[in-house]
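Work through the following exercises with the coordinates open. Each task is followed by a stepwise solution.

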Amino acid sequence: MNKLYLWGIIITAIMLGATYYTVVLTKGGLNGDIVNMLAIAGAVALVIITVFVVIKYVRQMQTDTAEGELADESWDNIGEYKNPVPMGWAIMFLGTMIWGMWYFMVGYPVNAYSQIGEYNEDVAAHDAKFEKEYASITGDRLVEMGESVFLAECKVCHGISADGIDGKAANLNQRIEEKSVKYVVEHGSNSKLLGTEMPMPDRNGLFNANSGALITDAEIDTVSKYVAEGFPANDTAGAEVFAGVCSSCHGADGRGMDYVAPNIREFTPALVTNVLTHGKKGVIGKMPAIDRLNAKQKEAAAAYIISLSKGE
Amino acid sequence: MENRPLEYDYTVAKMFMLTTILLGIVGMSIGVFIAFELAFPGLNTVFGEGLAEYTNFSRLRPLHTDAVAYGFTISGIFATWFYVGQRVLKVSMAESKFLMFVGKLQFWLYVVGVAAAVVSLFLGYSTSKEYAEFEWPIDIAIVVIWVLWGVSIFGLIGIRREKSLYISVWYYIAAFLGVAMLYLFNNMEVPTMLATSPAGESAIGDWLHSVSMYAGTNDALVQWWFGHNAVAFLFTVPIIAMIYYFLPKESGQAIYSYKLSLLSFWGLMFVYLWAGGHHLLYSTVPDWMQTMGSIFSVILILPSWGSAINMLLTMKGEWQQVAASPLIKFMVLGSTFYMFSTLEGPIQAIKSVNAIAHFTDWIVGHVHDGVLGWVGFMIMAALYHMSPRVFKREIYSKSLMAAQFWIQTLGVVLYFTSMWIAGITQGMMWRAHDEFGNLAYSFIDTVTVLHPYYAIRGVGGLLYLVGFFMFAYNIYKTMTAGRAVEESELANKSPMGA
Amino acid sequence: MFHWLEKHPFFFAVGVFVTIAFAGLIEILPNFAEASRPVIGTKPYSTLELAGRNVYIKNSCNACHSQLIRPFKAETDRYGHYSLSGEYAYDRPFLWGSKRTGPDLMRVGNYRTTDWHENHMKDPEAVVPGSIMPAYPWMFTNKADIDTAYAEQLTVAQFFSVPYNKPVPMKDGSTEIVKMGNSVAEAHALALEEAKAVAADMKDQDVKDAVARGEIPEIVALIAYLNSLK
Ligand code: HEM
Ligand code: HEM
Ligand SMILES: [Ca+2]
Ligand SMILES: [Ca+2]
Ligand SMILES: [Cu+2]
């Protein structure tokens with residue numbers, strides 16, 4: 001075999017190997033996606049055609065000789081043969097031109113195709129496929145799905161381990177941090193955590209039923225620690241303040257009351273969904289609403305977060 | 001008088017050879033630097049936090065593209081024109097004081113323009129449009145320089161002895177006209193100092209600032225009508241002008257087919273301009289315009305390959321020359337890369353393929369197949385061929401040239417294979433959904449996965465740059481230490497040292 | 001014919017010019033009027049936002065970031081609704097970009113917030129480990145160029161009839177007015193008012209102090225611009 005062909009095959013093999021490698025590198029590979037397949041087919045065609053067409057001409061350099069009738073003119077001693085154009089080239093040029101005209105006028109229905117129409121169909125197919133599947137996703141599978149949502153959407157802010165990256169966003173491994181509780185008690189909160197407008201009053205609206213006075217600085221510190229640490233049974237001072245100030249709304253155990261105040265002891269699907277729907281503004285910063293998630297994805301994200309704070 | 005051989009005057013050609021080499025070094029060094037910045041972002045601040053404003057990736061990227069396009073490539077085009085033009089028209093610059101003056105004026109204005117462009121880009125003056133970043137005063141300078149070049153071209157043609165225009169001249173004329181038209185329309189800007197406030201204040205704010213005459217989708221259309229054809233009329237048309245002269249000249253072979261030259265030229269002129277829509281696939285421009293861009297891109301394969309095939313066939317039966325001469329190797333491999341990128345481009349212009357390729361490194365790979373393997377190789381080959389003739393000295397070292405060839409070829413191969421993998425991988429990852437119908441990857445996952453390929457690309461670029469320094473050194477030594485040569489040695493094949 | 005042209009350079013040049021020129025007309029002109037019509041809900045940029053947009057251009061953020069969401073499921077999942085032509089009616093120049101080294105930013109105002117941008121622009125790696133985006137700390141001290149942004153507003157209002165100080169229709173049927181100052185001083189006052197709202201959500205004390213003094217650091221303008229991308 002000629003050395004050239006060997007080189008051609010080696011180069012082609014390298015490029016095809018590289019292309020194959022890209023497919024393997026991607027989760028799901030070609031994924032049944034027609035766009036992926038066409039792109040890979042294009043890449044493969046590109047390598048094979050170029051390599052073997054070039055080899056064809058290089059072979060002619062090796063074996064053929066230049067000949068033909070020279071034109072009369074020469075420029076700075078450069079001559080010019082009157083050779084005809086290579087037939088294959090001419091046919092293909094003509095062919096692509098005819099194809100182009102045909103495609104534009106007839107093959108491609110000039111105004112009937114619409115990329116938005118194509119998109120709509122694609123989305124409909126995608127939704128139909130997953131809508132059916134969603135119903136059966138529960139329990140551990142739901143947590144798994146939530147993790148995938150979290151890794152794609154949330155980790156830029158909350159960090160890959162959901163720790164809030166040094167206080168840049170909420171640490172989701174626990175229900176709430178001390179400084180957040182303290183801030184909320186001092187300044188109130190108004191983030192539609194219940195899904196509707198339902199603000200919590202600031203310290204000027206928080207009475208301690210036991211003392212009959214407004215909540216004090218010391219009491220704020222005590223109760224913030226108590227809430228942030230997850231209502232420890234041995235913290236009687238905290239429990240006392242909580243019972244006096246907070247329980248009327250958040251319930252005796254801090255698990256909230258419908259339409260009154262949210263659960264501040266643990267994450268609930270409703271709470272997370274509300275945060276994702278309305279966003280949240282607090283002492284740490286502002287979390288945007290993540291509108292593009294559908295209801296199932298929000299539910300899944302909640303399941304994942306709940307699993308985190310349970311220490312699993 | 002009539003019988004005395006013509007003494008061509010290469011003064012202006014030499015000046016532009018110098019800027020080709022200098023700006024090539026500048027542009028490619030920045031290219032290598034920004035390539036490594038993507039692999040190792042710490043390099044953004046390697047010159048100190050204080051200078052990072054000027055040395056970070058985003059500030060430097062336009063400097064790279066403009067230095068190689070408007071610096072290296074345009075200098076190369078001018079240098080070869082002031083060489084080839086005289087020879088194929090059989091007329092010397094020395095015959096016209098006026099043309100000589102215009103040529104030198106063009107050069108010095110060009111130097112001033114380049115300096116202004118570099119400083120303004122460093123300072124962050126940019127209109128953001130790719131390959132048209134310059135603010136309006138530099139646009140004006142560019143137009144003046146371009147008009148002067150036009151005067152040179154048509155002035156020389158006006159006093160020519162050779163009645164009929166050689167193929168290379170067709171392409172230089174086309175490059176001149178194309179760039180003039182495109183550049184003017186894409187740079188229609190209104191300087192903001194023209195506005196007056198209701199309170200009567202005028203000349204408010206920065207006098208260099210301007211706004212585009214076009215908005216949104218229209219601006220995009222004009223920009224990519226320009227951008228695509230800037231590629232055509234900077235990186236393709238004038239480079240074809242070069243190969244049509246330097247390959248037959250160096251090899252002593254006659255052009256394979258006049259008819260093929262003719263059809264390729266007019267085909268290219270006709271088809272190229274329609275293909276700009278392929279930069280706007282799936283954007284907000286109407287579907288029919290996008291489709292037209294795709295169709296013409298596919299048709300464009302043939303007029304592009306026509307020239308390349310004509311060149312390869314010109315070397316028919318001359319394998320021993322290819323094997324023996326690194327100079328011819330540059331040109332033959334250049335044609336091959338030209339074929340590769342003009343098939344790659346049309347494939348990437350197919351809508352479904354572009355859905356993956358657009359916005360990824362596969363495009364960057366495509367770009368550099370063309371600019372490194374074709375533009376860079378051809379310009380260096382041209383300067384190698386010119387050097388013995390303008391300096392009257394033998395090329396300093398053939399073995400250095402051969403080493404350079406292999407190093408740079410390896411560089412290009414590393415560049416395009418790494419970007420091929422990076423681009424297709426990223427394109428596929430962006431599209432991937434997982435078993436739950438969620439996006440499979442967050443954006444950052446698709447960034448970190450590219451790290452090794454960015455590193456390999458950087459190495460590839462570095463090899464190419466090393467090769468370019470070898471080239472610069474070889475030319476420098478040719479000028480200063482090459483053996484003086486006789487006129488008779490210069491008919492075809494360039495004389496080379498060992 | 002071609003042989004003749006090759007001997008008559010003037011006609012040769014005319015031939016080339018005609019061949020290359022008319023494709024452009026057919027490709028560009030038909031859509032010109034239509035594409036420049038704004039869709040409902042698209043507002044002109046405020047002075048501060050425009051100043052921020054110029055910071056974006058000055059630093060070539062468009063070298064890495066696109067602002068064009070293509071109609072693919074994967075893309076609308078990631079970035080939101082696909083782009084519409086009229087949404088760009090006030091973009092001079094357009095900033096679609098051609099390379100996504102970083103994510104698309106067309107609607108980043110919907111899913112990132114002031115404090116996040118603040119952390120991210122100061123040190124991307126600290127927020128997004130593995131990020132290759134450069135840090136832009138000098139934006140916290142460089143001052144935004146409000147004068148030039150104001151000159152730009154005046155220019156587009158005078159030359160291209162961009163509706164400043166006029167009611168613009170919104171999606172919910174209401175109208176909004178984007179104000180533009182009558183003088184440089186008034187433009188500064190308007191920009192500062194907006195800057196204060198942004199700075200209130202920021203953490204950097206130097207920036208807050210600067211705004212309190214009446215200065216506007218580049219980062220404040222840039223964030224105002226990023227937040228406006230919706
Ligand atoms: C038949 C000829 C060619 C066709 C049809 C073609 C097509 C394309 C396509 C489809 C893109 C990508 C647009 C996108 O998705 O962003 C592109 C980009 C590009 N091509 Fe080509 N290409 C051709 C030849 C060349 C050659 C020979 C060169 C250089 C020597 C070149 C240089 C470029 C450059 C610089 C870009 C990047 C533009 C940007 O900044 O986005 N192309 N080309
Ligand atoms: C020494 C070798 C070179 C290296 C390492 C290099 C590296 C780079 C890098 C890193 C980019 C930015 C890609 C990105 O944004 O992801 C780039 C862009 C570009 N370079 Fe180079 N470059 C080199 C030589 C050249 C030469 C010689 C030319 C032209 C003659 C050139 C033309 C371009 C163009 C047109 C772009 C813009 C591509 C686009 O926007 O799609 N480069 N280069
Ligand atoms: Ca300009
Ligand atoms: Ca680009
Ligand atoms: Cu193009």
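**Exercise 1.** Is B:Ala422 buried or exposed?

Solution. B:Ala422 is buried, with a relative accessible area of 0%; buried means under 20% relative accessible area, exposed over 50% and partly exposed in between, with a 1.4 Å probe and protein chains only. The model is predicted: local features need pLDDT of at least 70, side-chain atom pairs count only at pLDDT 80 or more, and totals for chains, interfaces and linings use all residues. Residues are numbered from 1 along each chain as its sequence is written, chains are lettered from A and ligands numbered from 1 in the order in which they are written, and side-chain values use heavy atoms, with hydrogens and water left out.

Helices here are DSSP runs of H or I with at least four residues, numbered from the N terminus.

Then list its partners. Setting aside neighbours within four places in sequence, B:Ala422 contacts B:Asp361, B:Leu450 and B:Tyr453, where contact means heavy atoms within 4.5 Å. B:Trp362 is 60 residues away in sequence, yet its C-alpha is 6.9 Å from that of B:Ala422.

**Exercise 2.** Why is the site of ligand 2 shared between chains?

Solution. Start with the shell, meaning residues with a heavy atom within 4 Å of the ligand. The site is shared because residues from chains B and C surround ligand 2. The shell has 24 residues, and B:Arg61, B:His64, B:Glu130, B:His368 and C:Lys99 are the closest.

By type, the shell of ligand 2 holds 13 nonpolar, 6 polar and 5 charged residues. Ala, Val, Leu, Ile, Met, Phe, Trp, Tyr, Cys and Pro count as nonpolar, Asp, Glu, Lys and Arg as charged, and the others, Gly among them, as polar.

Finally, take the atom pairs. A polar side-chain atom of B:His64 is 2.7 Å from a nitrogen atom of ligand 2. An N or O atom in the side chain of B:Glu130 lies 2.9 Å from an oxygen atom of ligand 2.

**Exercise 3.** Which residues are the closest to ligand 1, and which helix gives the largest share of its shell?

Solution. Of the 27 residues surrounding ligand 1, the closest are B:Tyr131, B:Asn354, B:His358, B:His366 and C:Ser98. Helix 14 of chain B gives the largest share, 7 residues.

An oxygen atom of ligand 1 is 2.6 Å from a side-chain N or O atom of B:His358, and the corresponding value for C:Ser98 is 3.2 Å.

Conventions. Polar contact = N/O pair within 3.5 Å; in protein donor to acceptor, adjacent residues only side chain to side chain. Helix = DSSP H or I, 4+ residues; strand = E, 2+ residues; numbered from the N terminus.
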